[in-house]
Amino acid sequence: MMTKPIHVTSEIGKLKVVMLKRPDVEVENFTPDMMPRLLFDDIPYLPEAQKEHDNFADTLRDNGVEVLYLEKLSAEALDAGGSAVKDHFLETMLVESGYAAGVLHDALKDYLNSMDTFAMVNKIMGGVRKNELDFVPRDLVSAAEEEDYPFFMDPMPNLYFTRDPAASIGDGLSINHMTFPARQRESLFMETIIKYHPRFANQGLSVWRDRNHTTRIEGGDELVLSDTVLAIGVSQRTSANAIEDIARNLLKSDSGYEKIIAIRIPHNHAMMHLDTVFTMINRDQFTVHPGILGEGGHIDTWTITLGGDGELNLDHRTDLKQVLKDALHLDDLDLIPTGAGDPVIAAREQWNDGSNTLAIAPGTVVTYNRNYVSNKVLREHGLKVLEVLSSELSRGRGGPRCMSMPLVREDL
Ligand SMILES: NC(=O)NCCC[C@H](N)C(=O)O
């Protein structure tokens, strides 16, 4: 049987195809006061960020991975879809940017429509400044409240974290309703790609959960542990309610998934997703930030399965190591502490994504070079560690796993 264009049955199977977004003007097209709302802690130096990102992409290519780019796939999907699809996309993007109708809606639409598709996609991603349009809004809100605000449409600086707006699971994906307004428009690109890009459309891919929800889930919380088991973080970004919803869809369908381990992590900016504190890197090895484990290595987990009556069953346990060993049928498990478990080093390196490793094959991982203590520990535990440049990319608070959306991995 031909492999589907999305096929991911583990976190660690040899990575064949991945989707990235090369950082562009969106990562510098904002002012310091906009940073908290845009979920950034600093303003990256773009030429360096691009150099680092190209280094990341080259590292993947050098290891046999096909690299696709979100921005290119989006434009190709819109062109393949034709004018009605492009119009619908633009309308939805404008509505979700706050312009359902009116003169400003029309002016923005004309402006964006005057560009070729690739330029239009890049402009939407990069943000539209007020001074780009020959238009002075006359409504009271613009005049009295937003006079000094420089944008009609905000940039989307978090797009290079392609992991989050959607997640590959088996022969399908979840297209996510994200938590904060700064990121909610992002998943519209993936929805468009899946529906209209010739590589993905009509290929029998399943959408386990679409973006038309009010409950929230993000890909950084969705970990594919095997072809039958997922782990999903109950986090700042993913609600228990959304996990129950996707669990019902997966467990009741032909997805192959039988078990979902919900893991509750602290709800804060540094640990926004499960993959900022916990990743799978080999058949029996995981990274874990010691800060999430309580006394004796305990943490709340709920294993969700489908009962005979068609309802979800919950099994609450706190011994993470034993829960994982049971779910993955392992005799032993190596939980490798970020920063060698030192409280200062672990907290510092976790902040710069020391736990956020991307496995490209069992036991081979891509990490940020700045986390030199965690990298040394990984090597001491027998892993092959490919380090990538990280001064500027890390300012967005995400690492190699956050910056990549695997589309195809070899089965284990
Ligand atoms: N999977 C991840 O942990 N992604 C990192 C996302 C960082 C981004 N600045 C955010 O706050 O959403």
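How many nonpolar, polar and charged residues are in the shell around the ligand? The shell has 4 nonpolar, 6 polar and 5 charged residues. Here Ala, Val, Leu, Ile, Met, Phe, Trp, Tyr, Cys and Pro count as nonpolar, Asp, Glu, Lys and Arg as charged, and the others, Gly among them, as polar.

This is a predicted model: local features need pLDDT of at least 70, side-chain atom pairs need pLDDT 80 or more, and totals for chains, interfaces and linings use all residues. Residues are numbered from 1 along each chain as its sequence is written, and side-chain values use heavy atoms, without hydrogens and water.

**Ligand surroundings**
- The ligand is surrounded by 15 residues (a heavy atom within 4 Å).
- Asn-158, Arg-237, His-273, Gly-396 and Cys-402 are the closest.

**Polar contacts (N or O pairs within 3.5 Å)**
- Arg-237 places a polar side-chain atom 2.8 Å from a ligand oxygen.
- Arg-183 also has a polar side-chain atom by a ligand oxygen, at 2.9 Å.
- Leu-39 uses a polar backbone atom, 2.9 Å from a ligand nitrogen.
- The protein buries 100% of the 350 Å² that the ligand exposes when taken alone (Shrake-Rupley method, 1.4 Å probe).

**Hairpin**
- Strands β13 (residues 298-306) and β14 (residues 312-319) run antiparallel, joined by 7 bridges.
- Strands are DSSP runs of E, at least two residues, numbered from the N terminus; two of them pair if DSSP finds at least two bridges between them.
- Thr-301 has Arg-317 of β14 as its bridge partner.
- The hairpin has 5 residues between its strands, and Gly-310 takes a positive phi near 85°.

Notes: Helices (H or I, at least four residues) and strands (E, at least two) are DSSP runs, numbered from the N terminus. A polar contact is a pair of N or O atoms within 3.5 Å; within protein, one must be able to donate a hydrogen and the other to accept it, and residues adjacent in sequence count only if both atoms are side-chain atoms.
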